[in-house]
Amino acid sequence: MSIKKKMGLGIMAGALGVSLIGGGTWAAFNDVEETSNTFAAGTLDLVVGEATTMDFVVKNLKPGDYFTKELVLSNNGSLDINQINVHATMEEGPNKWEDKDELDLASKFPGVDTTNSQEDFLSQFKITITPQGETESVYDGTLEELVSGTGVGELTDSTDQEIGLAAGPNSQKTYEVKVEFVEDSTPFSGSRLHQQNKFQGESSNLKFVFEATQMPGQDRSNNISE
Amino acid sequence: MSIKKRLGLGAMSAVMGLSLIGTGTWAAFNDIESVQAKVGAGELNLDLKQLGNGPIDFKISNLKPGDHMTRTIKLDNIGSLAIKDVLMSIEGVEFENYAPDTVEDAGYGDTDTWGDNTAIEYLQQFKVSVIKVGAEGGAGGFPLDIIPSTANVTLADFYLASDSVAGDQHKIDNGATNAMISAAKTLVYNSINQVYIDDNSDRLNVSTINPDKWTGLPVIPGDDDNLQIKIEFVESNDDTNSDGTHDQNIFQGDSADITFQFEARQWGGLNVKDSDMKNGVVETNKKANSQTN
């Protein structure tokens, strides 16, 4: 008899047993068997590697400046990771963002809005995430877009069905992350002063959040381990 | 235990699993990791200060031909970013042509002592004798004189040659022609040390130009620049009218408000490396030449 058929019979027998129990015991002969089962969940464990330099603090930047940091992501779990999404949140904490007007633009341009929000400030920074050794980026947007979620970044470039970062001790991906304070020399109307001056002296605390997702559920019926 | 029975229960558990899929998120496992970061913009801020107790504005009335005045302006970087250069321009001229219209006004009825003239003609009477940068002296080797006294550049030449936000139409409204503007540019830019001309904007760089750390107005090392401007109301006795009065009399009582503007500019973009940083601050941006070509 093939295993399939044996299996079918086993289920039938189990079902019959249940109905017999429901109807009360009337036969003296019986037999009891047991099976031992283990349902062990795997672990999904994304690790932002030690070599990662995304915990940067860079102050006193001027428009046009840029810097490159390294991001190392590894899979320390037993389950394959499907996708890794990155977004950012704005943090409070010491020296949190506040609107500054170092050049007193408000008095120089009455009637013109010289204020800005933290989102405006973050929109001045372009962030590009590129797998090491490759030329094509997997994310290209602004820090503001990473915060607002309009440009949620998926870093592994895998589809819903593909493994983005396989399980295993040697599985890791390294990215070059370039952040640039984009220069914008648009002046205020009738003046030589650039509008970007309204961001002078401001700074923003950010948290980069990386989320790893599991692979889709699979039919594991044929997985057998003794 | 036989394989058969294990399989039986295995099939049951699969059914239970399916019911979970029906009611909730099927990708339940995820993992979140995060890192903290901070970006901060610096400050670029130029301040014009007095040197000693001297004034920085030319606010002088009751001038007569032959008078001259010198102002020394201290260019001070009060920001956190190095200033690459400071571009000087004459942005605007508000001219008032004197004409006495009541008996009480000086010169009423005596047309020898006043007359009609344009702003440009008036400014032509003033020679910008010296514009000296780095007047504070110190380690040098850089050229001090931007407009040498021998160049005979007038305020009118300077105004016409200078780029301005208002543009050339403003100059034409003040009595200039396109030919005059063109001639003034030739005169001014041929008589000025070429290194001090910003090609892109027809303006003078009035901060020091050195090949080293002193260029412009760095924050480190601290280096104020003193800019000296001398203006002379040139006496002209050569041209007289038939009755012996000097031509220059038509300028009597005239006045002009001139706006000198100084634009401080940043250095270009820097590729910031760890070696540029100290305690999270880009120290290199406080110094001259803080740009990546």
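1. Chain B has five helices and 13 strands, where helices (H or I, at least four residues) and strands (E, at least two) are DSSP runs numbered from the N terminus. This is a predicted model: local features need pLDDT of at least 70, side-chain atom pairs count only at pLDDT 80 or more, and totals for chains, interfaces and linings use all residues. Residues are numbered from 1 along each chain as its sequence is written, with chains lettered from A and ligands numbered from 1 in the order in which they are written.

2. Of the 293 residues in chain B, 33% are buried, meaning that 20 or more other C-beta atoms, placed from the backbone, lie within 10 Å of the residue's own. Among contacts in chain B with a separation of 6 or more, 74% link residues 24 or more positions apart; a contact needs C-beta atoms, placed from the backbone, within 7 Å.

3. The contact between the chains takes 61 residues from chain A and 46 from chain B. On the side of chain B that touches chain A, α1 (3–23), β1 (30–41), β10 (255–266), β11 (271–272) and β13 (281–282) each supply at least two residues. β1(B) gives the most, with 12 residues.

4. Strand β9 (residues 203–214) of chain A runs antiparallel to β1(B), joined by 11 bridges; strands pair if DSSP finds at least two bridges between them. A:Phe210 stands opposite B:Glu33 in this pairing.

5. Within chain A, β8 (residues 172–181) pairs antiparallel with β3 (residues 66–75) over nine bridges, and A:Tyr66 has A:Glu180 as its bridge partner. Seven bridges join β5 (residues 125–131) of chain A to β8(A), also antiparallel, with A:Ile127 partnered by A:Val179.

Key
Contact = placed C-beta atoms within 7 Å. Buried ≥ 20, exposed ≤ 12 C-beta atoms within 10 Å, placed from the backbone.
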